[in-house]
Amino acid sequence: MKLNFLTFFIKDIDKTIEFYEQLAGLKVERRFNPGIGEIVFMGNGGDDTKLEFIKPAAPGLGYKQGSGMTMCFYCDGDLEELRVKTVAIGYNPSDINDKGPEPTNFKVLDPNGILVEFCK
């Protein structure tokens, strides 16, 4: 069995797409609006696990602040360069933590309040 996708209800679909494209390297694989709101699937291509983001058509429908959720991405490149890029596009990441027991990482809130960790 393989995990297919995770769904997140969000408040701003364009800022969400920008965040995950620019920082996590994900691509929009499908974007549509079935009437209940706009839906976008993002991933790395192929049959990798996808992230599904739903911007409900009506305010407050399904959206909850991302408190208590964390997503983690492994960074193939230089972690400090990614952190600098995160600041340059308007976010406020943590300092890089290399003290363990976690892997070397920094954390930042996405546009929806979901904690995203980038690690080596």
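## Basis and fold

Helices (H or I, at least four residues) and strands (E, at least two) are DSSP runs, numbered from the N terminus. The model is predicted: local features need pLDDT of at least 70, side-chain atom pairs count only at pLDDT 80 or more, and totals for chains, interfaces and linings use all residues. Residues are numbered from 1 along each chain as its sequence is written, and side-chain values use heavy atoms, with hydrogens and water left out.

The chain contains 2 helices and 7 strands, in the order β-α-β-β-β-β-α-β-β from the N terminus. Its radius of gyration (over C-alpha atoms) is 15 Å, close to the 14 Å of the globule rule for 120 residues, so the chain is as compact as a globular protein of that length; the rule is 2.2 Å times the number of residues to the power 0.38. The C-alpha trace spans about 45 × 30 × 25 Å along its principal axes.

## Nonpolar core

A nonpolar core is a set of buried Ala, Val, Leu, Ile, Met, Phe, Trp, Tyr and Cys residues joined through side-chain atoms within 4.5 Å, where buried means under 20% relative accessible area with a 1.4 Å probe, protein chains only. The largest such core has 23 residues, and Tyr20, Leu51, Phe53, Met71, Phe73 and Phe118 have the most contacts inside it. Helix 1 gives the most to this core, with 5 residues.

Contact means heavy atoms within 4.5 Å. Apart from neighbours within four places in sequence, Phe73 touches residues including Tyr20, Leu51 and Phe118.

## Largest pocket

A pocket is an open set of points on a 1 Å grid over the protein atoms alone, with protein on both sides within 12 Å along at least five of seven lines; its lining residues have an atom within 4 Å of a point. The largest pocket has a volume of about 360 Å³, taken as the space filled by probe spheres set on the points. Of its 20 lining residues, Ala24, Leu26, Asn44, Phe73 and Tyr74 are the closest to its centre. Strand 5 provides the largest share of the lining, 4 residues.

## Asp110

Asp110 lies in the loop between strand 6 and strand 7 and counts as buried because its relative accessibility is 5%. Leaving aside neighbours within four places in sequence, Asp110 is in contact with Phe19, Tyr20, Tyr91 and Val116. Asp110 and Tyr91 are 19 residues apart in sequence, and their C-alpha atoms are 8.1 Å apart in space.

Methods: Buried means under 20% relative accessible area, exposed over 50%, partly exposed in between (1.4 Å probe, protein chains only). On a 1 Å grid over the protein atoms alone, a cavity is a set of points where a 1.4 Å probe fits but cannot get out, and a pocket is an open set with protein on both sides within 12 Å along at least five of seven lines; lining residues have an atom within 4 Å of a point.
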